[in-house]
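Keep the structure in view while reading.

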Amino acid sequence: MPILRSALGRDRRPAAAGLAALALLLGACTIPTGDDPPSASATEEQVDPSAAEEPAEEVPTAERPLVGKTVFLDPAHGAPDGLESEVEVPDGHGGTVPCAVDASATEAGYGEDEFVYETARILAGHLRELGATVVLSREDPHAGPCLHGRAEAAAESGADLAVVLHADAGPEAGFGFHVAHADPPADDAADVDAAWAIRDALADRQLTPSSYTGQDGVLATAEAAELNLAGVPTVLVQLANPANTIEGALLPDPTVRSGYARALRDGVVAVLTAEPAAAAEPAPDAESQDPVGAESGDSTPD
Ligand SMILES: [Zn+2]
């Protein structure tokens, strides 16, 4: 939920602050199509015929910092049709979990499965524009593979980072996002670093860390099978709590999803470049070509 922390007292309802912060998420933003332009680096091949069949390898640039990186995006839920959704699959700790669990939903019935799917698609477009190869776990707003199949796909992708997207079924009074990593973490703790970097990127976009779980927006957990099965550095982001009436009411708004996607994009860039996301932002006059800087910088609510 985009609630300004500084403006929100513990006992107050967050409506006014939520709307003020929501304004930070809104505004014109051209959502990329995800279609990368063809590489323009063929000069050497034209000069040297012997190299004509080996196109020059694209290298990361300020505009395309994620060239050479693979990101696996798993919009959670979306069960397979039929009985398969009821089978038990490994949980990564020697036990089993259901292939799929029910998605949460807002009071008005907007489903978590659709919310995270649409957000992931926007995020995928941003990341592809920045040069990344993006693999999505599903291509349907409401259906997808079993939990275990997603984990296998993540491992198969060889992703540099896997991001699982959820919207929590939290307590009605709770709000805000949290980023979960496995507990114990992976051997190199890359998942912990990634969780904090993504947490920082969301907070920098004025999104509010969870009021009800984790520590300042990060949660170490042994409970999430997605984190235990993936085989690549993985974080699980609970973007919001649809059970909260105010936060839930915002989620069907496409501009809100775009705001979440931009914040996640900043976080992924931060993780995969190991630099602050701001380092990848272009000069102001380049913002029409590059989505990174479109909404960033010294934005202050009017
Ligand atoms: Zn969920």
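This is a predicted model: local features need pLDDT of at least 70, side-chain atom pairs count only at pLDDT 80 or more; totals for chains, interfaces and linings use all residues.

## What covers H5

Which residues of H5 are buried? They are Asp 191, Ala 194, Ala 195, Ala 197, Ile 198, Arg 199, Ala 201 and Leu 202. In an α-helix, residues three or four places apart point the same way, because there are 3.6 residues a turn.

## Geometry of H5

H5 runs through residues 190-204, 15 residues in total. From first C-alpha to last, H5 reaches 21 Å. That is close to the 21 Å expected at 1.5 Å a residue. Gln 206 follows H5 and has a positive phi, near 70°.

## The nonpolar core

Nonpolar side chains tend to be buried together in soluble globular proteins. Here, the largest nonpolar core holds 64 residues. Val 71, Val 163, Ile 198 and Val 237 have the most contacts inside this core. H8 gives the most to the core, with 10 residues. Ile 198 is also one of the buried residues of H5.

What does Val 163 touch, leaving aside residues up to four places away in sequence? Its partners are Val 71, Leu 73, Val 235, Val 237, Leu 264 and Val 268.

## The chain as a whole

The chain has 8 helices and 8 strands. Of its 302 residues, 45% are buried. Among contacts with a separation of 6 or more, 73% join residues 24 or more positions apart.

Key. Residues are numbered from 1 along each chain as its sequence is written. Helices (H or I, at least four residues) and strands (E, at least two) are DSSP runs, numbered from the N terminus. A residue is buried if 20 or more other C-beta atoms lie within 10 Å of its own, exposed if 12 or fewer, and partly exposed in between; C-beta atoms are placed from the backbone. Two residues are in contact if their C-beta atoms, placed from the backbone, lie within 7 Å. The expected span of a helix is 1.5 Å times one less than its number of residues. A nonpolar core is a set of buried Ala, Val, Leu, Ile, Met, Phe, Trp, Tyr and Cys residues joined through C-beta atoms within 7 Å.
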